[in-house]
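Student: I have a new structure to look at, and I'd like to learn how to read it. Could you walk me through it?

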Amino acid sequence: MSTSPQITTTLTAPTSTLATPNAPTPVTFGTIDVDGLKIAFREAGHPSNPKLVLLHGFPASSHQYRDLIRVLGDTFHVIAPDYPGFGNSDAPDPATYDYTFDKLALVIERFLAIKGFVRYGLFVQDYGGPVGFRILARNPEALEWLILQNTNAYEVGFTAAWDGFRGALWKHRSPETESPLAGFLTHDAIKGIYLHGAKAPELISPDNWESDFGFMQRPHAVRMNLDLFYDYRTNVPLYPVWQEFLRMRQPKTIIFWGQDDVFFTREGGEAYLKDLPNAEMHRLVGGHFAVEDNLDTISDHMHRFYAATVAGTKKQTSNGQA
């Protein structure tokens, strides 16, 4: 097995590695019914193109991929859904609907089946990891290649921002342990998540935090998010399972890691290389939402990696040369 180069990208200004930038493709918006819930999505690219799924993080929605999806649609059939309770998807009352990562994964898995995404590349960021890894655990053959961007699967990945979760809420849920964490749902905190560690804050649209905070004003939104804060504790015991999946399956993987993420440490990104020694690593000057100010870098390397490492391997295999 050959070892891919572990490339370090530490750009300080926006740049593109392509001689000719990709022409943006139109993005369409829609909703489909998934077991009684309206699930919203963004989609781009011809259906005959290789499938690519983008799973979003907290406190965002598919809106975080609004620019990336346009520049990937030239090569891929890209889809980015909003989880229940996020973005333009339905947000049922937490009193009657359990907001758990198990539930989110089941809904998105069903969504992908309805949309005909049987085998695909998977881009996961933040909450996208717990959702995506649950889907892959049930259906590992669905994964063609993996793109990781600041999503945690290792104990070493937690920053001090998690102290209130791990040291209080997860041990005993109560109004007293929830109250400090509700601070993450305020306007200034959401804005800070986008700007913390950004290499070019002027490239990050205020529409991000204004949109996210606007959705936070919906009925039950705070309770829904607090439910998921508490349920995040269920991810940690699954870390060894996900690590074993990566170690045993060795999916073709490219990693983009914002080095100054408020939630996830640099060491959390490096930890993937223990289980994925052939992964290609890009260490970005950026934060939690590194796509915002590293768009060209991420898009360019995804195009190149797919052509050289994924599509190239498939072509060799079909010719009997692999």
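Tutor: Let's begin with how helix angles are taken: axes are lines fitted to C-alpha atoms, for helices over the stretch in contact, and the angles run from 0 to 180 degrees between N-to-C directions. Keep in mind that this is a predicted model.

Student: Okay, at what angle do helix H6 and H7 pack?

Tutor: In general, two packed helices are described by the angle between their axes and the distance between the axes. Here, helix H6 (residues 187–195) packs against H7 at an angle of about 140°, and their axes are 9 Å apart. H6 and H7 are therefore oblique to each other. Their crossing is right-handed.

Student: Which residues in H6 and H7 meet?

Tutor: On the H6 side you'll find His-187, Ile-190, Lys-191, Tyr-194 and Leu-195, and they meet Asn-208, Trp-209, Glu-210, Asp-212 and Phe-213 in H7. Sorted by class, the contact of H6 with H7 has five nonpolar, two polar and three charged residues.

Student: Let me zoom in on one residue. Is Ile-135 buried or exposed?

Tutor: Residues under 20% relative accessible area count as buried. Ile-135 has a relative accessible area of 4%, so it is buried. You'll find Ile-135 in helix H3. Setting aside its neighbours within four places in sequence, Ile-135 is in contact with Ala-105, Ile-108, Glu-109 and Tyr-120. As for Asp-260, it sits 125 residues from Ile-135 along the chain, and their C-alpha atoms are separated by 28 Å.

Student: Which residues of helix H10 are buried?

Tutor: In helix H10 (residues 266–275), the buried ones are Gly-268, Gly-269, Ala-271, Tyr-272, Leu-273 and Asp-275. Their cover includes H3, strand S6 (143–149), H9, strand S7 (253–258) and strand S8 (280–284).

Student: How many aromatic pairs does the structure hold?

Tutor: A pair of aromatic rings is described by the distance of the centres and the angle of the planes. The structure holds 36 aromatic pairs. One of them is Phe-58 with Phe-263, an edge-to-face pair at 6.4 Å centre to centre and 65° between the planes. Phe-58 lies in the loop between strand S3 (51–55) and helix H1 (68–72), and Phe-263 in the loop between S7 and H10, so the pair ties together parts that are 205 residues apart in sequence. Both Phe-58 and Phe-263 are buried.

Student: What about the backbone? Which residues does a cis peptide bond join?

Tutor: Most residues other than glycine have a negative phi, and most peptide bonds are trans. Here a cis peptide bond joins Phe-58 and Pro-59, with omega about 0°. Pro-59 is placed in the loop between S3 and H1.

Student: Where are Asp-35 and His-220?

Tutor: Asp-35 is in the loop between strand S1 (27–34) and strand S2 (37–44). Asp-35 isn't a glycine, yet its phi is positive, about 50°. With 64% relative accessibility, Asp-35 counts as exposed. His-220 is found in the loop between helix H7 (207–215) and helix H8 (221–231). His-220 isn't a glycine either, and its phi is positive at about 75°. His-220 is partly exposed, with a relative accessible area of 38%.

Definitions and conventions
Residues are numbered from 1 along each chain as its sequence is written. This is a predicted model: local features need pLDDT of at least 70, side-chain atom pairs count only at pLDDT 80 or more; totals for chains, interfaces and linings use all residues. Side-chain values use heavy atoms; hydrogens and water are left out. Buried means under 20% relative accessible area, exposed over 50%, partly exposed in between (1.4 Å probe, protein chains only). Helices (H or I, at least four residues) and strands (E, at least two) are DSSP runs, numbered from the N terminus. Contact means heavy atoms within 4.5 Å. Rings of Phe, Tyr and Trp (its six-membered ring) pair if their centres lie within 6.5 Å; planes under 30 degrees apart count as stacked, over 60 as edge-to-face and the rest as tilted. Angles under 35 degrees count as roughly parallel, over 145 as roughly antiparallel, 65 to 115 as roughly perpendicular and the rest as oblique. A crossing is left-handed if the near helix is turned anticlockwise from the far one by less than a right angle, and right-handed if clockwise. Ala, Val, Leu, Ile, Met, Phe, Trp, Tyr, Cys and Pro count as nonpolar, Asp, Glu, Lys and Arg as charged, and the others, Gly among them, as polar.
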